[in-house]
Amino acid sequence: MSGGRGWFDEDAGPVVRPYALTKGRTRATSYELDLITLVVARQPLPPNARALSPNYQRVLQGCGYPVSVAEVAARADLPLGVVKILISDLIERDYVVFGPDSSPTTGPSLDMMQKVLDGIRKL
């Protein structure tokens, strides 16, 4: 805390509240995205994608191939809540598509498990 400046210094960069990046929104309005939901940018991107704000550009760059929402947040160096909202906006604009996640809570169907078991028994 030298010089009365506390922990803040020039190296910290500008401090921006997350809600300022999402126009005051705290939740995505249309899509509920989990940490492991896979997203990918449409290829080729429409020409008007270049007019998006820098934060949207960072998110799009992180979606070059199918990747989880959590990984996009890490690559874009943005808070996860912000990235979920930005990705939701990009899905609405048809720049990004998302697929089902591989959630551990949704396992294979009982029918599929029975078929696997029957196949193993035949061996």
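Residues are called exposed when their relative accessible area is over 50% and buried when it is under 20%, with partly exposed residues in between. In the predicted model described here, 27% of the 123 residues of the protein count as buried. The accessible surface comes to about 8700 Å², and 58% of this surface belongs to carbon and sulfur atoms.

The protein has five helices and three strands, and from the N terminus on these elements follow the order α-β-α-β-α-α-β-α. Among the contacts with a separation of 6 or more, 70% are accounted for by residues 24 or more positions apart.

The largest nonpolar core has 23 residues, and those with the most contacts inside it are Val 39, Val 59, Leu 60, Val 72, Ile 87, Leu 90 and Val 96. At least two residues of this core are supplied by each of strand 1, helix 2, helix 3 and helix 4, with helix 4 giving the most, namely six residues. When neighbours within four places in sequence are left aside, Val 39 is in contact with a set of residues including Tyr 65, Val 72, Ile 87, Val 96 and Phe 98.

Helix 2, which spans residues 54-61, has as its buried residues Asn 55, Tyr 56, Val 59 and Leu 60. These residues cover an arc of only 140° around the axis and therefore lie on the same side of helix 2. On the other side of helix 2, Pro 54 and Gln 61 are exposed. Ser 68, found in strand 2, counts as buried because its relative accessibility is 16%, and, residues up to four places away in sequence not being counted, Ser 68 touches Leu 35, Ile 36, Thr 37 and Leu 38.

In the loop between strand 1 and helix 2, where Pro 44 has its place, a cis peptide bond joins Gln 43 and Pro 44, with an omega of about -10°. Asp 77, in the loop between helix 3 and helix 4, has a positive phi of about 55° although it is not a glycine, and this residue counts as exposed because its relative accessibility is 66%. A positive phi of about 70° is likewise found at Asp 94, which is not a glycine and has its place in the loop between helix 4 and strand 3.

Asp 94 also takes part in one of the three salt bridges that the structure holds. Its partner is Arg 42, and the closest N and O atoms of this pair are 2.8 Å apart. Because Arg 42 lies in the loop between strand 1 and helix 2 and Asp 94 in the loop between helix 4 and strand 3, the pair ties together parts that are 52 residues apart in sequence. Arg 42 is partly exposed, with a relative accessible area of 36%, and Asp 94 counts as partly exposed at 42% relative accessibility.

Asp 111 is partly exposed, with a relative accessible area of 48%, whereas Lys 115 counts as exposed at 53%.

How values were computed: Residues numbered from 1 in each chain as written. Predicted model: local features only at pLDDT ≥ 70, side-chain atom pairs only at ≥ 80, totals over all residues. Heavy atoms only, no water. Helix = DSSP H or I, 4+ residues; strand = E, 2+ residues; numbered from the N terminus. Buried < 20%, exposed > 50% of the residue type's maximum accessible area, 1.4 Å probe, protein only. Core = buried A, V, L, I, M, F, W, Y, C linked by side-chain atoms within 4.5 Å. Contact = heavy atoms within 4.5 Å. Areas by Shrake-Rupley, 256 points an atom, 1.4 Å probe, with all protein chains shown as cover. Arc of directions from axis to C-beta. Salt bridge = Lys/Arg side-chain N within 4 Å of Asp/Glu carboxyl O.
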